[in-house]
Amino acid sequence: MRSISIFGATGSVGESTFDLICRAGGAKAFRTVALTGARNVARLAEMARVLRAEVAVCADESCLPDLRAALAGSGVQAAAGDAAIAEAADRPADWVMSAIVGAAGLVPGLRALRHGGTLALANKESLVTAGPLLMATAAAHGARLLPVDSEHSAIFQALVGEDIASVERIILTASGGALRDWPLPALAQATVKEALAHPNWAMGQRITIDSASMFNKALEVIETREFFGVSPDQIEVIIHPESLIHSLVGFQDGAIMAHLGAPDMRHAIGYALNWPDRAPLPVARLDLAQIATLSFRAPDLARYPALRLCREVMAARGLAGAVFNAAKEIALDRFLDGGIGFMDMAGVVEDTLARVMPEMCLETDVMTLEDIQGADHLARVRAAEAAAVLAGRRAT
Ligand code: NAD
Ligand code: MG
């Protein structure tokens, strides 16, 4: 029986993973080792009971009494806190879903790789923050990383049977997010609610805002470089409002392989769950005659400064990815709590990069977890300072 764990089980990707596991037989077909969440302990406990998990862990320690109460009599162990989540990743499982949001997903992912199983990686932040370390850890332990981000799953599928050396370009598609048709000057006034109205995908709150700002695509450009080992100038971004082509790979003979499907994360998750096989999945089938047209347009860098910033990060290499991601997380927090405006997020990240990069050695690709955590911490401090300045200006 295959053993599984889901980190970030109560989130959008976690729920879709749970759905697929249940449809594939649930506790009769899988031995569930660990399920984790942050604060929604009622849902976490419910999932743990259904899958008869060994342990359920919530990140927020103040929620432990409620988690224990919700699991009473179930035989599922309860635990709480970041250390407990990392310890849950020390429990071997054949297939582990990494679907915590943000840099908090890095340590559990690294710990899970040490068992040499499969890590299905939705948490793109860990590749952006620590790509070389993550890939080296996987290689050292004979573990396999499978992409779950829809674009990267699409690229991965387009590359089956191909030699990566024959790849000329990788084209990431982007919906353009909720605000893509707004006049540029109006973007500064966009509210959280407006930025959350994603045209095609239902996702967690943070990635939905990141889609509107294209910080999500900027992270994905870096994720592509780290995962597939191509050079930054081989990676392109195109706006494709229908979100039906999930990405494309162009080869040296001029051929382009595109991956199409409904915008449903259960496709990419299911591909990673069944890999290297394919199995029927409960996703909508495309009616091409009804769709009739697919459209594309080049992204405007004035509207999406994140796409420019990710190029600077890739040129700097080393710990720049950790700085970029951490600054982005703080900028997003401040936008969500109303402190700064929508376009200020890029200002915070740009300012943080400019201040932190000269303060640290960024050249090396040999990085330890401590180096990464140090860069992440410094970037959060500097980003909070930058955001406070912008918030002050906004208030006056
Ligand atoms: P989400 O916010 O819906 O869920 C995040 C999960 O992580 C929840 O279980 C939450 O409880 C948990 N969590 C939050 N903060 C935590 C912390 N500090 N420590 C431990 N656990 C914590 O997010 P999501 O949309 O499911 O995204 C999860 C990851 O997958 C992200 O890295 C995102 O970029 C990536 N991703 C998501 C989608 C999507 O369709 N939602 C698509 C591609 C990639
Ligand atoms: Mg994506």
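Predicted model: local features only at pLDDT ≥ 70, side-chain atom pairs only at ≥ 80, totals over all residues.
Visitor: What coordinates the magnesium ion (ligand 2)?
Guide: Asp149 (OD), Glu151 (OE) and Glu220 (OE), at 2.1 to 2.2 Å. Donors are N, O and S atoms within 2.8 Å of the metal (3.2 Å for Na, K and Ca); water is not among the atoms, so sites may look incomplete.

Visitor: What spacing do the donors follow along the chain?
Guide: D-x1-E-x68-E. Glu151 sits in helix 7 (residues 150-158) and Glu220 in helix 10 (residues 215-228), so the pair ties together parts 69 residues apart in sequence. Helices are DSSP runs (H or I, at least four residues), numbered from the N terminus.

Visitor: Is Glu220 buried or exposed?
Guide: Buried, with a relative accessible area of 0%. Glu151 is buried too, at 7%. Buried means under 20% relative accessible area, exposed over 50% (1.4 Å probe, protein chains only).

Visitor: New topic. Which residues does Leu35 contact, leaving aside neighbours within four places in sequence?
Guide: Among them are Ile6, Ala9, Leu44 and Met47. Contact means heavy atoms within 4.5 Å.

Visitor: How many cavities of 30 Å³ or more are there?
Guide: Three. A cavity is a set of points on a 1 Å grid over the protein atoms alone, where a 1.4 Å probe fits but cannot get out. Helix 6 (124-140) and helix 10 each supply at least two residues of its lining, where lining residues have an atom within 4 Å of a point.

How values were computed:
Residues numbered from 1 in each chain as written. Chains lettered and ligands numbered in written order. Heavy atoms only, no water. 1 Å grid on protein atoms, 1.4 Å probe; cavity = no way out; pocket = protein on both sides within 12 Å on 5 of 7 lines; lining within 4 Å. Points joined across faces, edges and corners; volume = space filled by probe spheres on them.
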